[in-house]
Amino acid sequence: MSDSLQWQPTAPIDNLRARAELLTQVRAFFSARNVLEVETPVLSQHATTDCHIQSISTSHGFLQTSPEFAMKRLLAAGSGSIFQICKAFRQEESGRWHNPEFTMLEWYRVGFDHHTLMAEVDALLQVVLACQPCEKISYQQLFIERVDFDPLVADKAFLSDYVRQKHLLAGDADDWSFDDLLQVIFNLQIEPHIGQQAPVLVYGYPASQSALARINTEDPRVADRFEAYYKGVELANGFFELSNADEQRQRFESDNHWRRTHDLADMPMDVHLIDALAAGLPDCAGVALGIDRLLMLKLGATHIDQVLSFPFSRA
Amino acid sequence: MLDGEPCNILENEYVKPGKGQAFNRVKIRKLISGKVLEKTFRSGESVEGADVLDTELAYLYTDGEFYHFMNNETFEQIAADEKAVGENVKWLVENDVCTITLWNGTPISVTPPNFVELEITETDPGLKGDTAGTGGKPATLSTGAVVRVPLFVQTGEVIKVDTRSGEYASRAQK
């Protein structure tokens, strides 16, 4: 027997009690709104192709990085609005805000667009965190206010000059892509400073960072995608969902092409999702929110280990 | 190496947006000028390694200004200054073999063994049978280091500490 304390949970038992209360609150919130709770497989034969999200593979398939594809198949099958609280897994390092296994809340609202869904995110955060109503600002306006340039007009040379002037990178800016530069400026110069008083909902991300969101019909430079930030933390990511099967297939294929040119393995795209979109996904908006981070904010925790029973290092 | 100076990493924060490139926000100390700065590395990005030499030397004593170490095979001695030892001074135990990093023959950093054994000089007496508390209690060690220990550990006992995390590992084997 060793005297090691590694067997013990890293979260105080009181924090685990707060986690249970939070889950009860979330379930009550959706139950009152007639949103159906569902479960979908954690283990799948398919995986995300997203260039910046790496799945954990097992001898039987892949652990999900989010329940998005299966939930969209339920929507196409006529489920109506649904929510899920589940574990998601990403091949990532651990950090202050990261554990390779984490709890995700994901929900889809039939008939909503991203603005109506943002209003619901706002309502949920007010209930759970007892915080002030969310502020709303476009990605473009946020850059203009915080770093004094228009991200929809700036080109790569401009961004490279900007990060050089601010001495942000250790390496050469020319080795970074346009989107990586925009994102690093956002993460270092903007994210730590926004949403200090009330959560902020940022919408209208550049179309090049659309992921699974629709392209805006009025301004094709932006996607109908939003993110929630509070106290400098990325809390949620939502879309007015792409429902075009051909476009979805093209995005999967171009992701896999990017993967091949960046020493990453091709991922088996979820053909069932493509078929479901072809059969018809109702107009809907969906959002994923990190439950561990939400609990951290509620408790004022400074490290994710404080809200997890056993982080990966002890799992 | 950064701007021609060997550096060591003080803090390394992992940043990964939900949809986007992962990177590391790294706090670096330049070992010659002592300047501390923050830089961003893309995950997997590489930098030129500093042409430094690691040697295994036993800690002897301090004269107040320098910390003296000795090569146990050649008996050659070397003195490291306070800047090179830094915060690791609290983990220096006589005769423990430390890793001394030399750059152009000068010690620029001192890394203690991963585990050191130190005596507890002061800690609150824990109540017997009180195993419910998971937080433990603070204990001051003979070098002045303060670590959290389980309640059953008492003043005068020798404990094993992980110098990388500064955390209690176990009681020392008797």
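**Polar contacts between the chains**

A polar contact is a pair of N or O atoms within 3.5 Å; within protein, one atom must be able to donate a hydrogen and the other to accept it, and residues adjacent in sequence count only if both atoms are side-chain atoms. In this predicted model, seven residue pairs, both residues at pLDDT 80 or more, are in polar contact between chain B and chain A.

The two chains also share one salt bridge (a side-chain nitrogen of Lys or Arg within 4 Å of a carboxyl oxygen of Asp or Glu). B:Glu13 and A:Arg96 form a salt bridge, with their closest N and O atoms 2.8 Å apart.

**Extent of the interface**

Contact (heavy atoms within 4.5 Å) involves 32 residues from chain A and 27 residues from chain B. About 2,600 Å² is buried between the chains, 51% of it from carbon and sulfur atoms; buried area is the accessible area (1.4 Å probe) that two parts lose on being put together, summed over both.

**The sheet of chain B**

Chain B has an open sheet of three strands in the order β1-β2-β3, with antiparallel pairing; strands are DSSP runs (E, at least two residues), and two strands pair if DSSP finds at least two bridges between them. β1(B) and β2(B) are joined by eight bridges, and B:Ile9 has B:Ile28 in β2(B) as its bridge partner.

**Basis of the values**

Local features need pLDDT of at least 70, side-chain atom pairs count only at pLDDT 80 or more, and totals for chains, interfaces and linings use all residues. Residues are numbered from 1 along each chain as its sequence is written, chains are lettered from A in the order in which they are written, and side-chain values use heavy atoms, without hydrogens and water.

Key:
Helix = DSSP H or I, 4+ residues; strand = E, 2+ residues; numbered from the N terminus.
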